[in-house]
Amino acid sequence: MDQIIHPIALYLGLALVGLGLCVALPRARVSPQIIGGILAAAGLGVVLVLMGLKSKDALPSPYFYVFSLVGLGAALRVVTHPRPVYSAIYFILTILASCGLYLLLSAEFMAFALVIVYAGAILITYLFVIMLATQAPTEDRTEGLKAYDTAAREPLAATVASMALVAVLTGMLFAGSAKLEPRNAGVSADALLLQLPRRVEDGLKDAGLIDRKERVAYADGKPQIDVEGRRAMVTGPDGERWVGFPENLGVQNVEALGFNLLNAHPGSIEIAGVILLMAMLGAVVLSRRQVEIDEEAKARQARHLMESRGAEGGA
Amino acid sequence: MGADLIVLAQQGFPTPMGGATLAHYLLVSAIMFAIGLIGFLTRRNLIVMFLCTELMFQAGGLALIAFSRFHLEHSGQTFVIFVLTVAAAEAAMALALVVLLFRKRESLDADEWTEMKG
């Protein structure tokens, strides 16, 4: 049995998660969110513990459990909290937990980009719009929750559909991922240094191993860098010699990511720029348009006005 | 553990990751996606619905980063950059539309717009 978890146990655990999610969704009268959250966490815990028992030698870092529980718990609150502002703030917590997971996966640049772009920019836009698109509480209407925020639409059907999707996804994935071979298993992380001779030069200079006049030697247009042996041929006024790399000379995440981005996907950057430009234009055009308020909404406003006048007159 | 993290920060990719560890991350990603999907289907507030799509983007990004780490290949992380770009563009457009709809009906209820047929 080379599966990571027994399928029946997986499906039962996911059913428990689904039950918890369904219970936690907001309803008109009661919404036992704590019970739902505990049920969902118990289901997830069962699945994770069984997975951990099956593969004791390849367990993720303990931080993985902390970050994923915080992230999923906050995601649950995003979905269930009746006030949109709190949903947005819980979403920031989800993002911070995801950043922790990204760090564990040694994607440092993306982790910090996520905090800056998502938590710093996109979520602030959301918060602005939530503030803009909420009616200020007037005297007659105390600040209450809207009916459309407190009652979920078809909670059972949505949960069943979503958890069936997860069951299919994870069932397939767990059956196969034990047999999956990593693609670049034999390749050294520093193989990129072959294409970055100036980086090697700078690293050697910073370590004081070569002086300013020396350069990495080239033969047939290729830099003489031996990544496996961690050394490079340098040429200078005194002739050529091999210099070993210092301990800390290696490709860092940002360098590798930037190299991949600009070397393998230059066209996509242009397209991303066009998408951002179009979105900006679209947002400007949309938000400048004059909107006529619907007759119904006008009538509703007038009614509210009348009622508040009446209340003042009565008092 | 702390020393491990420092080594992680210095190098592109250290040791390979096991398939079981990958499965843990993919499970979290799948459940996060499901929570986002449930939220999108059940919530009736337009802004929260779009917030739930961001949650689904987030889950997709986590799966991409996990695969990037598993295959020791940076293309997955590069793709997340583009996911972020598209998410930003989507947020800008969607929120402009939401503000427009709100000004017309004075309500964020998605059910107000059921007669909109395209």
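The model is predicted, so to speak of local features a pLDDT of at least 70 is needed and side-chain atom pairs count only at pLDDT 80 or more, while totals for chains, interfaces and linings use all residues. Residues are numbered from 1 along each chain as its sequence is written, with chains lettered from A and ligands numbered from 1 in the order in which they are written.

**Where the chains meet**

Chain A brings 96 residues to the contact and chain B brings 78; two residues are in contact if their C-beta atoms, placed from the backbone, lie within 7 Å. On chain B, α1 (2-10), α2 (19-42), α3 (46-70) and α4 (75-105) each give at least two residues to the side that touches chain A. Helices here are DSSP runs of H or I with at least four residues, and strands are runs of E with at least two, numbered from the N terminus. The largest share of that side, 25 residues, belongs to α4(B).

**Chain A**

An automatic or database assignment sets the domain bounds: domain 1 (7-137 + 153-177), domain 2 (189-244) and domain 3 (265-314). The C-alpha centres of domains 2 and 3 of chain A are 59 Å apart.

Strands pair if DSSP finds at least two bridges between them. These antiparallel pairs involve β5 (residues 231-236) of chain A:

| Partner of β5(A) | Bridges |
|---|---|
| β1(A) (residues 215-216) | two |
| β4(A) (residues 225-226) | two |
| β6(A) (residues 239-244) | six |

A:Arg215 faces A:Thr235, A:Asp226 is bridged to A:Arg231, and A:Met233 has A:Trp242 as its bridge partner. Two residues form the hairpin link from β5(A) to β6(A).
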